[in-house]
Amino acid sequence: MKSYIFPTIAVLILAGFAHGAPDATVHSISLPSIHIELKQGAGRQKTETLCAICHSVDYITMQPNFSRAVWTAEVNKMIKVMGAPINEQDAKTITDYLVTEYGARPSQ
Amino acid sequence: MKREFSRRDFLRVAGAFSAMSAIGGLPSALTADERRLAQFPEKTSLILLTSRPPQLETPLAYFNELITPNDAVFVRWHLSSIPTSVNLSEWRLKVGGNTERQLELSMDDLRRFEKVSYTAVMQCSGNGRSFFSPRVPGGQWKNRAMANVTWSGVRLKDILNRAGIKAGSVDISFDGLDAPPLPSVPDLVKSLPVDKAMEDDIIVAYEMNGKYLPMLNGFPARLIVPGWYATYWVKSLKDITVLSKPFEGFWMKTAYRIPDNPCGCLLPGSPPGKTVPINKMTTRSIIVNPPADAPIEVNKPFEISGIAFSGGYGVRDALVSVDGGRVWNEARLGKDLGKYSWVRWRYPWRPEKAGAYTLMARATNSVGESQPLEGLWNPSGFLWNKIERIEVMVR
């Protein structure tokens, strides 16, 4: 997994301030921007674009190497249960990508 | 704020900072199992699981302390649209539905109710999910999606009594400021049965360890259901709704459910069957010191220590084995902060021979509930409380 953390000096400065009590009536934070790069492979672009509508792709990279059955069920769950707007063909592209790049080795 | 950091933790933190300061400078050799630290606002460097929405786990060294510092408390959000700014002059906690009155409480209003405080363990339902065998999908937490915090706030019961629950009410739902990224995604709303919600110890907390809540832990106020998993501890509360019909939202009816049997478990890999909403935490004991690869010297005193807690029944005893579970010895329990808190335990040890040792720890709560030797399995990866077992080398 290759990943990059964008530092944003602003975040570090903010984090330094944030330990005091919120005297102001408005309390705000600014979230760091963290970029996770998925493995190269067929379907990577679709996977990155469509999954990232709702969540960062470290949701993918933190999972163990699942079987095709488990990855298929996960993609279906995202669409049918969690409401992801992904059509059937894209779902297949994403599932194949996950199985190939983040799936169980045949011996497992 | 007192910190006890191992040198290893220091190196990890230092590594995270240098990674953050060099764009694209992370080594490309990170393995799938290696985890890294990230710093989010109002938080110290925590283990990054996911960034949007944030899921951050606490490094082990913080569990050397009885109370978890606010900036080290784990973070877990479900939906990517999380609150990042709250204007307290506009924020109101709305209470309504099947009630005599509709309330719109400001923070000042909340602070005018009687203030109550207690210490309670907050733990993610999926804490320990990465130890399941076979593995299950979801947040791949190790053991550290948990914290022991002194919470202060107002009794939910007092708020509900001011609103006046009408006869025939069955459930009460709780909604926070977080929102789904698309209208098709189910909003995170949780519910409690009315009888549960009226228990004395459930509070709307506006302070953690005497300070305001960090934004990522639910500023300005969150629900605390001590003894129950944190899925019910709705963050950044905005609406409390009393219902005359059972609540049927996704996060109660479909998600956060366990098999309907005494262990909440199944034969690995089998389908879920009949389920019920998860609630009480299982009893647990965690070895904090030594960490798995700490150097231990032969014939020198070494103190094994850790923490133990249960789902609101306190801890009757904590046992330690240094020989893989053949002999169990009682550990000394530390200061007791009440039935919802964790207790620290310590066991003095002096290994007489060099070699490999298997250390184990188990706790029993005051009603006799303990921990299984083998990990129990369920499809969502909940309730993990297998007896801990770590291998150490004495030299």
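View 1. On one side of H2(A), Gln45(A) and Thr49(A) are exposed. Helices are DSSP runs of H or I with at least four residues, strands are E runs of at least two, and both are numbered from the N terminus. H2(A) covers residues 44-51, and Thr47(A), Leu50(A) and Cys51(A) in this helix are buried. These three span an arc of only 90° around the axis, so they sit on the same side of H2(A). The arc is taken over the directions from the helix axis to the C-beta atoms. An α-helix has 3.6 residues a turn, so residues three or four places apart point the same way. Cover for the buried residues of H2(A) includes helix H3 (58-61) and helix H5 (88-102) of chain A.

The model is predicted: local features need pLDDT of at least 70, side-chain atom pairs count only at pLDDT 80 or more, and totals for chains, interfaces and linings use all residues. Residues are numbered from 1 along each chain as its sequence is written, while chains are lettered from A and ligands numbered from 1 in the order in which they are written.

**View 2. Chain A and its N-terminal stretch.** Chain A holds five helices and three strands. Their order from the N terminus is β-α-β-β-α-α-α-α. Chain A has 108 residues, and 33% of them count as buried. Contacts are pairs of residues whose C-beta atoms, placed from the backbone, lie within 7 Å. Of the contacts in chain A between residues at least 6 apart in sequence, 68% join residues at least 24 apart. Mean pLDDT, the predictor's confidence in each residue from 0 to 100, is 84 for chain A, with 76% of its residues at 70 or more. Over residues 1-20 of chain A, pLDDT stays under 50; the model has 40 contacts beyond four places in sequence for this stretch.

**View 3. The five-stranded mixed sheet of chain B.** The open sheet has the order S7-S6-S14-S10-S11 in chain B, with mixed pairing. Strand S7 (103-105) and strand S11 (189-193) of chain B are the edges; each has a single partner strand, so one side of each lacks a neighbour in the sheet. Neighbouring strands are turned by 20° against each other on average, direction ignored. Axes are lines fitted to C-alpha atoms, for helices over the stretch in contact, and angles run from 0 to 180 degrees between N-to-C directions. Two strands pair if DSSP finds at least two bridges between them. Strand S10 (171-176) of chain B and S11(B) are antiparallel, with five bridges. Ser173(B) has Ser191(B) as its bridge partner in S11(B).

**View 4. The four-stranded antiparallel sheet of chain B.** This open sheet runs S17-S18-S22-S21 in chain B, with antiparallel pairing. Strand S17 (284-289) and strand S21 (332-333) of chain B are its edge strands, each pairing on one side only. Strand S18 (302-309) and strand S22 (343-349) of chain B are antiparallel and joined by seven bridges. Gly306(B) has Trp345(B) as its bridge partner in S22(B).

**View 5. Ala308(B) in the largest nonpolar core.** A nonpolar core is a set of buried Ala, Val, Leu, Ile, Met, Phe, Trp, Tyr and Cys residues joined through C-beta atoms within 7 Å. The largest has 123 residues; Val204(B), Leu223(B), Ile224(B) and Ala308(B) have the most contacts inside it. Beyond four places in sequence, the contacts of Ala308(B) include Val315(B), Trp342(B) and Ala363(B).

**View 6. Ala197(B) and its contacts.** Ala197(B) is in helix H4 (194-197) of chain B. Ala197(B) is buried, with 23 other C-beta atoms within 10 Å. Residues up to four places away aside, Ala197(B) touches Leu156(B), Leu160(B), Ile172(B), Leu192(B) and Ile202(B).

**View 7. Backbone geometry in loops of chain B.** Most residues other than glycine have a negative phi, and most peptide bonds are trans. The bond from Ser133(B) to Pro134(B) is cis, with omega near -5°. Pro134(B) lies in the loop between strand S8 (116-123) and strand S9 (146-155) of chain B. Phe219(B) to Pro220(B) is also a cis peptide bond, with omega near 0°. Tyr256(B), not a glycine, has a positive phi of about 60°. Tyr256(B) is buried, with 20 other C-beta atoms within 10 Å.

Conventions
Buried ≥ 20, exposed ≤ 12 C-beta atoms within 10 Å, placed from the backbone. Contact = placed C-beta atoms within 7 Å.
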